Amino acid sequence: MDIIESKTWIEWAITIAKFAFCFVPVLYILLLIPMERRGAGFMQDRQGPNRSYIKIPYFGKIRLLGYVQNMCDGTKLFFKEMFAPAGVNKLLYYVAPAIPFAIVFLSPCVIPWFGPMIFDWGGETVRIAGSIIDSDVGVLLLFGFSSISAYGAMLAGWASKSKYSFLGALRTSSMTISYEVCLGLSLMGILLLAGSFNLTDIVQWQENHVWGIVAQPVAFFCFLIASIAETGRAPFDVAEGEPELVAGYHTEYGAMQFGLFYMGEYSHICINSFLIATLFLGGYAVPFVTTETMQEHMGGSLAILCGVLAFIALAFLHMIYRYSRKLKATNLTNRFEILKEYKLYKIVAWVAAAAFIALGVCAWFFYNPENFVVNGLAVGSFATAVGTALIHLLVLVAKSLIFCWVWIWVRWTLPRFRYDHVMHLGWKIILNIALINLVVTAVIAKLLGGN
Amino acid sequence: MRVIKQKPMTVIERLYIFEAIRGLWTTLKHAARGLFRYETLPTISYPEGQPEIRNTYRAKHRLMLRPDGTPRCVACGMCAAACPAHCIFIEATQSDDPRIEKRVMRFDIDHLTCVFCGLCAEACPVDALRMDTKQIIFEHRSREDFVAHLYDLTNWDPKDYPNDEQSQMAPGGTKNAEARKVWGMEVK
Amino acid sequence: MSNYYNMPKLPTENSPKVEIFVDDRAVMVPGDTNLLEALKAVGIETPHVCYHPYLPVSGNCRQCLVEQEGPRGRMLVISCYTPVTPGMKIYTPASSARVKNARKATQEFMLVNHPLDCPICDKAGECTLQENYMEAGQNEGRLRPEYGKNYHGNPEHQFIDAKGQLRGGKHVDIGPRILLDEERCVQCDRCVRFMRSIAKDEQLQLAGRADHTYITTFPGEKLDHEYDLCVTDVCPTGAMTAKYFRFQKRVWLLAHTPTISMDDSLGANIWLDHADGRIYRVMPRCNPEVNRSWLSNTSRLAFQQFDKNRLPAIDASAIQISGGKVALVAGGACTNEDLAALKMLKDALGDRAELFGGSLLKVGAPDGIAKSGDPVANRAGMQLMGFADVAELLKRAGEFSNLITVNADLYGEDAAAAKALDKISNRIALSAFDDATAKKAKVAFGIRHWSEVQGTMVNSLNILQKLSAAPTCPDEKLAPAYEVISTLAGNKFNSACEAFMKAREYVPAFADITYDAIKSTGKLLGGNA
């Protein structure tokens, strides 16, 4: 009871609501898969998968720019028969895919999704951390979690009773271990500067001083490469190199078991993107604007946010109109169907744009924290805090999306390394660079008289 | 034997990272093109959009017709002799028309076996067999339906070949009446 | 052979060898023949159109020109009519451009009025003109396209010749079995010579003069002779075409099986030309000792019945031989292997079996070309094996209670005479066809026809000849007669070779002959049968 009464109800409500962030990586999977597929298509001058559709009245076949394809694939994976090869260890075989997927729900706990919310609540000052667990060893915890996901691959490879799976698992585990070292070491510089393992502190240090990418550009590159390697994606996907190992550790998996590995991989990308954004790109911090300034002009800030969203909606509209015009001139037999489909997108985008503009205008002119009183309780500062958190969250998402794109971009550009090259790169190059970077950073930090 | 010496890589190239960035820039350009200039993608969304087929494309066969509508084919078997896939089957018979000695009774092309090399059209001494129909879609219910018979091969419309004088001489073509006069008497 | 003075003398194995100089190289050639054959004997082919080894030399085509060193220098002579003399100096196109040009010019002149009908011509593929064109001609066309060269038939089947004159007939119904295309004719007169000196019935003539010459029959008469289809063989172009083969198949699609025509005791050598498991035509196979290049219409057109009215294959256990005497009757088309199998069956049955052979048809007179007139093809073989004549069986029919006929249609041949056989209760017919005997038999057992079996036969000239099996059997389950009979005898022959080994045991004349040693032209048996 004491514990419950130690906090106000709003504090409890927000603390519990924060657990919703656990699902962010899962939502990202839904975003990343179409992004990867169509992005890969565009890079290769293809169209990417865009044929699946849902039929709705009036607008006809709705393809959601190819998004329906992923729903179809997901449905297929979900309803396929799960089977195990003869002679496998059934327990390990079935548990293995669950491990990387379970990590997906644990990892987001330490990421600061927004700056600490500080607001008055009935005269009391309430402070709520931006991460689900405001741990002082956040980074280490995160690394710990992501190391556990290697167990999934290990168990899968071992339990599959297939030499390809086993080789894949060996490669995965050795590569994960190797690159964890690089990952940790390249991070040490920024930790040294921020003087904390707490991710919120690191973000705040960056907000107050300079972004990690500027302070530690070398470490940033090392970290980026190492984390790409750690997720086991091209050009470091030797663990599932098709020409050598069929599909690596998940060769023997099908249906949703394979789906779990697949989703595990994408959410790993998501987590790593958030981590890089947090460590090197100022996390939730809005560029060139401090949190205090933003909070002082909350109405304007929200208006700018709405303006940005409205701009995105208008840009989308422009693309749709432009392409509709071009489409009319072609002789595709289904062009009128597509135009009917685009009508829906146009309506939605117009409504969204109008709504954002209206919201932005309202925020600009009518946002005044002093006026916000609910049942005699002044919630003005709470509203400002929520607004700040919202902006922070969106900024963080935007930053992480950039890195998600980097993952996809790199995968579809660079050819796969040979396995010994991967090890060579990890142990003999990145590790050394990271070490030198750490020493240099430490010396400079000492000379400049930091903390 | 010629030995081509590869240029040794420069230091910058050996560093890989810059070359990788160059590659990334290239793919980024392509991705941006797909995103912002979607219609310029070379992919044709088949079957809604059909590829443009040239006249010289070796598509499904057709048999040219005389002005009176009989196939020009004289069943000489040159196409069957030239065919590397042995997919042409011809049977000949005596023609009722005294101006023509030999006429084709059965002319089957098995399009499942055909390799569309065009040697048959090349071999034809009377320009009876052509592959300019631009029909590239072969969809049938059974294997037997893939065998094009005399009827299928002669059942084409001169309107589809507006610029081809020879095709226009066939019944229904613009030059048919003229050609009929030259050809002479009517044949049942 | 022929007593015509200008019949070519063909080289034989015993020809004296003389030395002549071809292209300044000394070669040994047969000395008693013409130059064309002598050059052929040493592997130098000379293109020719009118020359035919079994027809009198006419020498009108001038295609076989060679140069000969003579008293007045090197002169062009036709090799087909120039006898070989020792020490003569000959120049072929290999060394002489003059010969080459002369042949080329001759070839071009011959093609002036020849239409470019090859696509629709049945001779295309085995046409002498085509061969000569490839070998000696290869000239560019110098004619205007509106004349000749393309099929310009008209309703009257006339054609326009190189001078632009309308003439002739492209579709002359010259006889019941032959069609004549006058445009394709090159006036080599082979057909005329054949009818005159081989068929001895001068039905064809060259009429008209110069380039208006054409082949024709006497007014109101048609070309109709037992050997008239041979003119389509001798015709070097597609001018004479057989109606039965007209437009049936392009000749390059035909496969050829060398065998013997088993409807006459001369055993004319033939090619079975077949495609897709069907015989399309029968062509004479040159055998200088037997039928030369000739074949009678009867033998040639017999193939049209080979795949009709056939008996199906049934299980061998259907053949049950009851007690009492057994008459084994071999028909005329039985090979030596069938006879050996029958003899083996007789041995197995012991004294109660007797062998008979032959047919009830009348024996005619030999015509001196490709028929001996005796319908029992393997009569000599039967005599070697000790088969009694079937006439004896008719006399003693009452003694027998079993009758096994092999390819012997006794009822079909002479129903009245064969009535005597009705007394025999257990009649078994092994036959390719569902003929009268098979219909009357208790058990009718289908076997392979002679065109579908391997084997040997001895013809009326005492030559052992070899039959080959054409892959035209309508039913794979049908077995050769020797296989069926040897199964009955309890010692199954799996191949004709095995059966022939058995025949060797019975016939002393075969003793030192192996199956593979028999040449395609047969082997003359030593001694009298």
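Mentor: Let us begin with T384(A), which has its place in helix α17 (residues 380-411) of chain A, helices being DSSP runs of H or I with at least four residues and strands runs of E with at least two, numbered from the N terminus. This is a predicted model, in which local features need pLDDT of at least 70 and side-chain atom pairs count only at pLDDT 80 or more, while totals for chains, interfaces and linings use all residues. Residues are numbered from 1 along each chain as its sequence is written, and chains are lettered from A and ligands numbered from 1 in the order in which they are written.

T384(A) counts as buried because it has 23 C-beta neighbours inside 10 Å, where buried means 20 or more other C-beta atoms within 10 Å of the residue's own, exposed 12 or fewer, and partly exposed in between, with C-beta atoms placed from the backbone. Leaving aside neighbours within four places in sequence, T384(A) is in contact with F119(A), Q295(A), M298(A) and P369(A), contact being C-beta atoms, placed from the backbone, within 7 Å.

Turning to contacts between chains, 17 residues of chain B are in contact with 18 residues of chain A. Between chains C and B, the contact takes 11 residues from chain C and 14 residues from chain B.

Terms used. Two residues are in contact if their C-beta atoms, placed from the backbone, lie within 7 Å.
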